Amino acid sequence: MHVLGLIVEYNPFHNGHLYHIEQARKKSNADVIITVMSGQFLQRGEPAIIDKFTRAKMAVLHGSDLVIELPTIFAIQHRDLFCFSAVSILNSLGVDTIIFGSESGDITPFLERVTSENNHREVLDHMIQHQLKGGKSYPAAYSKAIEELRIHTINDHLPNNSLGIGYVRAVSEINPDITIDTIKRQQADYHTSDLSTPIASATSIRQALKQTGLPSSLAELKATMPDKAYQLLEQHEGAFRDLNDYYPFIQYKLLTTAPDVLKHIHGMVEGIEHRLIAAAKKANTVTEFIDSVKTKRYTTTRIQRLLMHLLLNLDQDTVHRAINQLPHLPAVRSLAQSTTGEQYLKQIKQNRPITVLTKVTKDLPDYLDIDIRASSVYHLFHHQDIKREFLPPFRYERARD
């Protein structure tokens with residue numbers, strides 16, 4: 001049996017994602033597709049535009065057999081930890097292949113980059129630390145060290161390429177027997193803000209939804225998504241989320257919490273809490289807030305992730321305890337599954353080191369209990385929607401070929 005793993009966010013699901021699933025299934029000859037997906041909050045430090053169960057349903061309706069939630073505490077971390085935790089889960093679930101989308105479309109330069117990094121590990125780490133002490137952000141320090149060592153195998157400034165390096169690195173550390181491959185991203189660039197058809201960037205879709213809503217952008221937007229995914233999106237008109245929606249709560253917390261307490265939030269280092277408090281006193285929007293806080297060292301994404309830790313009250317000790325359980329997490333949660341996925345879970349139940357939960361129990365591991373907290377915060381504007389958290393996964397009866 002061939003088991004394919006995908007690592008996704010589907011924010012929201014569109015034609016490019018459908019292309020990725022279909023091509024990955026063909027390339028791997030997969031019998032089962034397991035998808036690890038970020039939940040209510042995402043790797044770049046943002047809320048998902050629609051909730052995790054709707055996005056998981058989109059995935060299963062369009063080819064995935066099992067959608068596993070990447071626990072929030074890992075989903076909102078920097079690239080390497082995000083990738084390591086997702087690959088760890090897929091490995092525990094028995095995948096033999098992982099295929100990611102990239103701007104490159106060729107796995108060779110990714111493999112060469114990670115091999116070169118491993119061969120220069122001690123010198124590379126030393127050079128990165130030197131750059132960090134000089135005030136650079138980690139991505140900038142990493143890029144500078146790579147440049148000085150003349151490790152130029154791939155453009156790591158492109159977002160999907162960057163994640164791809166993280167995935168390949170994680171596979172090399174966790175289980176080199178997993179086959180890893182990539183499929184070229186089609187048509188729209190990751191950050192493109194203009195809608196293009198039939199494949200648009202998720203960024204442009206989100207922008208259209210927040211600025212004009214579904215009715216105003218109906219025809220053009222509809223052409224970028226599979227019909228079933230679009231129909232699910234229609235059900236959430238008026239409930240699309242972005243970081244600005246949560247800024248009043250972030251602002252309130254910064255203005256009412258003592259700096260000595262704030263400094264224990266994960267990522268709150270070097271006295272940045274004082275800078276955040278000063279910004280919260282003046283900024284009316286999260287964009288204004290970030291613009292007044294960011295520096296070469298503190299990038300927009302790093303600040304957004306810090307704000308997520310603040311919003312969810314994740315302190316350093318809590319995050320470190322969760323990280324220490326990697327790569328051997330005892331349990332994860334299914335958000336949606338096809339009948340094929342269910343059959344696979346039955347087959348592996350006795351011989352895999354991880355439990356796949358299909359309901360919320362009273363004795364959840366701490367890192368999964370945080371997902372319930374995250375949903376409570378996510379649904380502050382429609383609190384009745386938290387009820388979905390306690391129901392079984394969406395189940396889809398996949399038609400047999």
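The side chains of glutamate 389 and arginine 333 meet in a salt bridge at 2.7 Å, N to O, a salt bridge being a side-chain nitrogen of Lys or Arg within 4 Å of a carboxyl oxygen of Asp or Glu. Glutamate 389 lies in the loop between helix H20 (366-378) and strand E8 (394-396), and arginine 333 lies in strand E6 (residues 331-338), so the pair ties together parts that are 56 residues apart in sequence. Helices (H or I, at least four residues) and strands (E, at least two) are DSSP runs, numbered from the N terminus. Both glutamate 389 and arginine 333 are buried; buried denotes under 20% relative accessible area, exposed over 50%, and partly exposed the range in between (1.4 Å probe, protein chains only). The model is predicted: local features need pLDDT of at least 70 and side-chain atom pairs count only at pLDDT 80 or more, whereas totals for chains, interfaces and linings use all residues. Residues are numbered from 1 along each chain as its sequence is written, and side-chain values use heavy atoms, with hydrogens and water left out.

The structure holds 14 salt bridges. In one of them, glutamate 342 and arginine 395 meet through their side chains at 2.9 Å, N to O. This pair links distant parts of the chain, with glutamate 342 in helix H19 (residues 339-348) and arginine 395 in strand E8, 53 residues apart. Glutamate 342 is buried, with a relative accessible area of 17%, whereas arginine 395 counts as partly exposed at 48% relative accessibility. The side chains of lysine 294 and aspartate 291 also meet in a salt bridge (3.6 Å, N to O). Lysine 294 is partly exposed, with a relative accessible area of 39%, and aspartate 291 is likewise partly exposed at 47%. A network of salt bridges links Arg79, Asp80, Glu117, Arg121, Asp125 and Arg169.

Attention now turns to the nonpolar residues. In soluble globular proteins, nonpolar side chains tend to be buried together. A nonpolar core is here a set of buried Ala, Val, Leu, Ile, Met, Phe, Trp, Tyr and Cys residues joined through side-chain atoms within 4.5 Å. The largest such core has 95 residues, of which Ile34, Phe41, Ile68 and Phe289 touch the most other members. Helix H4 (residues 79-92) gives the most to this core, with eight residues. A second, separate core of 34 residues includes Ala59, Tyr230, Leu233 and Leu335. Phenylalanine 249 is found in helix H13 (residues 243-256) and counts as partly exposed at 34% relative accessibility.

The protein chain contains 20 helices and eight strands. Buried residues make up 56% of its 401 residues. The radius of gyration of the protein chain is 21 Å, which agrees with the value near 21 Å for a compact globule of 401 residues; this radius is taken over C-alpha atoms, and the globule rule is 2.2 Å times the number of residues to the power 0.38. The accessible surface comes to about 18,000 Å², of which 49% belongs to carbon and sulfur atoms, with areas from the Shrake-Rupley method and a 1.4 Å probe; for residues, only the protein chains shown count as cover.
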